[in-house]
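Open the structure in a viewer and keep the residue selection tool at hand. The stops below are meant to be taken in order.

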Amino acid sequence: LDGGHSWSYRSTLFRRGAPVHAECSTEESFDAGDGYYPQAGPDGSLWTIVSCGGKTFLARSTDEALTFPVVRPIPAIDELRVDSKGVFYAVTKSSTKLLLTTSRDAGRTWSKPVDLVAPARRGASVGQWAMALRGPGQVAVAYLTSHKGGGYDGSVTVQHGSSFVSATVH
């Protein structure tokens, strides 16, 4: 709460066994590789994804991470980012696609998904991937796709406004 000069325990976001969130009738699904890390909104609130029992929820903390009450159910997503204007960017891996959707109303509605995989790499198996947000309308996703001769190709797709550009290294 002081710019990183000191640290203190605030709350438990998820846990194994009995869930933290009452909306979850089963154990919450989480691991070190998921994208369920809290994201700061422009008003200082923190947003995160809660996943359990095949359902996905959006949770928001307005008390500096003391609590994360569920706000609403949302479509299943893997990574969430929030820009300085409050726009949500969500990426979901679906088979051979990395689908980007956005929400301009705090997750109430979502845009039509856009496949971020480079056109030349579409249909190839997607391996590890990571998402970054630079600023409003500036999303980048780096990812590996399987190569026909074995191994992987590395790609990055960048969104700037409504345009997408991809590059691949073989």
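**Stop one: the open sheet**

Four strands make up an open sheet, ordered 9-10-11-12, with antiparallel pairing. Strands here are DSSP runs of E with at least two residues, numbered from the N terminus, and two strands pair if DSSP finds at least two bridges between them. Select strand 9 (126-135) and strand 12 (163-169): these stand at the edges with a single partner strand each, so one side of each has no neighbour in the sheet. From one strand to the next the twist averages 15°, using axes fitted as lines to C-alpha atoms and angles from 0 to 180 degrees between N-to-C directions.

This is a predicted model, in which local features need pLDDT of at least 70, side-chain atom pairs count only at pLDDT 80 or more, and totals for chains, interfaces and linings use all residues. Residues are numbered from 1 along each chain as its sequence is written, and side-chain values use heavy atoms, leaving out hydrogens and water.

Gly135 lies opposite Gln138 of strand 10.

Select strand 6 (residues 88-94).

Now show strand 5 (residues 79-82), an antiparallel partner of strand 6 over four bridges. Val82 is opposite Phe88. Five residues separate the strands in this hairpin, where Gly86 has a positive phi near 85°.

Finish with strand 7 (residues 97-103), joined to strand 6 by seven bridges and running antiparallel. Ser94 faces Lys97 as its opposite residue in strand 7. This hairpin has two residues between the strands, and Ser95 takes a positive phi near 60°.
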